[in-house]
Amino acid sequence: MRSKNSKGLGVDRTQPFHNQTHYHAIPKRSLTPLSNKKRRQFDRNMLPNPREYYAGVLLKFRLRNNNNATALCPFHSDKNPSFSVEFKQGLFFCFSCGASGGDLIDFYRLMTGTSFTKAINYFEAWTYE
């Protein structure tokens, strides 16, 4: 029997909404506390020195002053150095093709076409808590 206040399509209020066997058919997973798992986080301080990294990777690497250098751009065929690097943050910019980025991770990602996580794995810049 339907009650007077029900808005359903002939559903009796005394009937359960879910079949008990169906509702409990999903096994419960055991949850592990977060304190047992080690979480990894990106640590920018573990990245290599930009001056040493770019000097090892780029061709015709020339220091302009203590903070900047020029080199041949690795993203296009270049005869004259048009690739500029800033060492404090690792910024780079090519005046010919317009390739630019904010740090060593961006440079590595552009060179190899990998994801952020794979770039961090390459530099081994993870800390574990």
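What follows describes a predicted model, beginning with the whole chain.

The protein chain holds 4 helices and 7 strands. Along the sequence these elements come in the pattern α-β-α-β-β-β-β-β-α-α-β. The chain has 129 residues, of which 26% count as buried. Taking contacts between residues at least 6 apart in sequence, 35% join residues at least 24 apart.

Helix H3 spans residues 104-112, and helix H4 spans residues 116-123. After H3 comes glycine 113, which has a positive phi, near 75°.

Two packed helices are described by the angle between their axes and by the distance between those axes. For H3 and H4 the angle is about 110° and the axes lie 10 Å apart. Angles of 65 to 115 degrees count as roughly perpendicular, so H3 and H4 are roughly perpendicular to each other. Their crossing is right-handed. On the H3 side, the contact is made by Leu104, Ile105, Tyr108 and Arg109, and on the H4 side by Phe116, Ala119, Ile120, Tyr122 and Phe123. By class, the residues of this contact are 8 nonpolar, no polar and 1 charged.

Which residues of H3 are buried? They are Leu104, Ile105, Phe107 and Tyr108. Viewed down the axis of H3, these buried residues fall within an arc of 160°, so they line one face of the helix. The cover over the buried residues of H3 includes H4 as well as helix H2 (50-57). Strands also take part in this cover, among them E1 (40-42), E4 (83-86) and E5 (92-94).

Methods: Residues numbered from 1 in each chain as written. Predicted model: local features only at pLDDT ≥ 70, side-chain atom pairs only at ≥ 80, totals over all residues. Heavy atoms only, no water. Axes fitted to C-alpha atoms, helices over the stretch in contact; angles between N-to-C directions. Helix = DSSP H or I, 4+ residues; strand = E, 2+ residues; numbered from the N terminus. Parallel < 35°, antiparallel > 145°, perpendicular 65-115°, else oblique. Left-handed = near helix turned anticlockwise from the far one by under 90°. Contact = heavy atoms within 4.5 Å. Nonpolar A, V, L, I, M, F, W, Y, C, P; charged D, E, K, R; others polar. Buried < 20%, exposed > 50% of the residue type's maximum accessible area, 1.4 Å probe, protein only. Arc of directions from axis to C-beta.
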